[in-house]
Amino acid sequence: MKTVRLSRAVRAMNILLFIIALAFKGVVDGLVIQNDPNGPLNLAKYIVLIICILVYSYEIHLGYRASGRSIFVNEFQTLMIMMAGIVLISTVRSVIASEFTIETVKEYAYWIIPILFSFCALNIFSLQDLQICAKAAIVIFGVSYVLQIGISAFSLHNIIDTITNITLSGGDNSSSKSIFESNSFPDSFMSLFFFFSYFKKKNYRWLWISFLLVTLTNKRLMIVFSIITLILIFLPKLNLKQPRILLRHLWLVMATLFLAMPFLVMYSMKVDVESQILLKTGINMPNFWMGRDVMVNHIVQSSFQSFGLGSTFPFQGSLLEVEGVKIYLEIGMVGLILVVFSYWRIVRKNYFCMLIMTYNFININTSTSISTGTFSWIFYLILIGVCLYYKQNYGSLSNGVEG
């Protein structure tokens, strides 16, 4: 099919659609569903994203491209094969258990929407368009976050006090909490921080705004990785966009390590193991896990029988907040292997992609990510596509091999 360049009007419409989706996320998460995060209004933002996907897919079908050829095809196929495997495993488990939950369908949507949207966006949007949308996301999510917390809370004194009293120890105490904490926007802020870390040239203002927002939300892993990322991107003579000196199959090593992580997590959460860790190291693991160990131990020690993706939710009445363990319990070892190796395979040998995926898989094994971060994963996958397929001057397409 002949490639057709997008007109200015079509480009503007595509950007507007994306911004409308971002606005729904901001308004719904920040102002509407704070007291009912699993209510029907939560689905509105996903409906808008699906409309975007349908429009962008139709344009791609007509031959419209922002660039001269389709990109992110191999990665898209890898992730879609992964999704097909997850659906198959879930269906078989549901039939065996003679049980089904609507949570399974919801989680299919949470997982597949970023994959479809990122593929469409990478082929429909130019780099300039993507940066416009990322800046719009910072503004929309930032304003929604401020309104959610309350404008009066954002005094200079409170901001300085929060930043100077950040602790990484965890626990249910005043020093581990912040008036700026939010469950709606941290993942999105972190993905946008990574985005502007990669595009830091001419975007320093946006980089530091996103870093400030990540810091204020007081999520320990995000703060640690944002600081590490800042150090790496500003180190002289260190080029994270240059993949040639990275071992070709290092992604296999990393995938294998993270395949083992859910089992290490479950072992570390055992009451007797937590006691031994406290006795020998002084580290209080219940403080570190902040209740997640209780969740995991309850379901592991129970008579839980999986009936597919999302089946732990109706069993305990809430989301199991350690996603690596959740994936293993819901779709088994085969499903866990499929998920871990599929996501790690798409990073190939690119430093920056590996940094993004390392953060996300640590997050997956200490909290939740894929099933709660649709918008953040849209930006993560878009950024991975940019890293792999665009040359370092952010201009012409590369061959997709060097990254």
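**A guided look at buried helices and enclosed space**

Guide: Packed against the buried residues of H7 are H1, helix H5 (127–149), helix H8 (204–216), helix H9 (220–234), H16 and H17. Packing here means contact, with heavy atoms within 4.5 Å. Helices (H or I, at least four residues) and strands (E, at least two) are DSSP runs, numbered from the N terminus. The model is predicted, so local features need pLDDT of at least 70 and side-chain atom pairs count only at pLDDT 80 or more, while totals for chains, interfaces and linings use all residues. Residues are numbered from 1 along each chain as its sequence is written, and side-chain values use heavy atoms, leaving out hydrogens and water.

Visitor: What makes H7 largely enclosed by the rest of the structure?

Guide: Buried means under 20% relative accessible area, exposed over 50%, and partly exposed in between (1.4 Å probe, protein chains only). Twelve of the 13 residues of H7 are buried, so the rest of the structure largely encloses this helix. Among them are Phe193, Phe194, Phe195 and Phe196.

Visitor: Now to H2. How do you know that its buried residues line one face of the helix?

Guide: The buried residues of H2 include Lys45, Val48, Leu49, Cys52, Tyr56 and Ile60. Viewed along the axis of H2, the buried residues stay within an arc of 155°, so they line one face; the arc is that of the directions from the helix axis to the C-beta atoms. An α-helix has 3.6 residues a turn, so residues three or four places apart point the same way. On the face of H2 turned away from its buried side are the exposed residues Leu54, Tyr58 and His61. The buried residues of H2 have helix H1 (8–32), strand S2 (64–65), helix H4 (102–124) and helix H17 (374–389) as packing partners.

Visitor: What makes a space a cavity here?

Guide: On a 1 Å grid over the protein atoms alone, a cavity is a set of points where a 1.4 Å probe fits but cannot get out; lining residues have an atom within 4 Å of a point. One cavity of 30 Å³ or more is counted by this rule. The largest cavity holds about 40 Å³ of space, a volume being the space filled by probe spheres set on grid points joined across faces, edges and corners. Its lining includes Phe258, Pro262, Leu336 and Asn365. H15 gives the largest share of this lining, five residues.

Visitor: How many residues of that lining are nonpolar, polar or charged?

Guide: The lining of the largest cavity has eight nonpolar, two polar and no charged residues. Ala, Val, Leu, Ile, Met, Phe, Trp, Tyr, Cys and Pro count as nonpolar, Asp, Glu, Lys and Arg as charged, and the others, Gly among them, as polar.

How values were computed
On a 1 Å grid over the protein atoms alone, a cavity is a set of points where a 1.4 Å probe fits but cannot get out, and a pocket is an open set with protein on both sides within 12 Å along at least five of seven lines; lining residues have an atom within 4 Å of a point.
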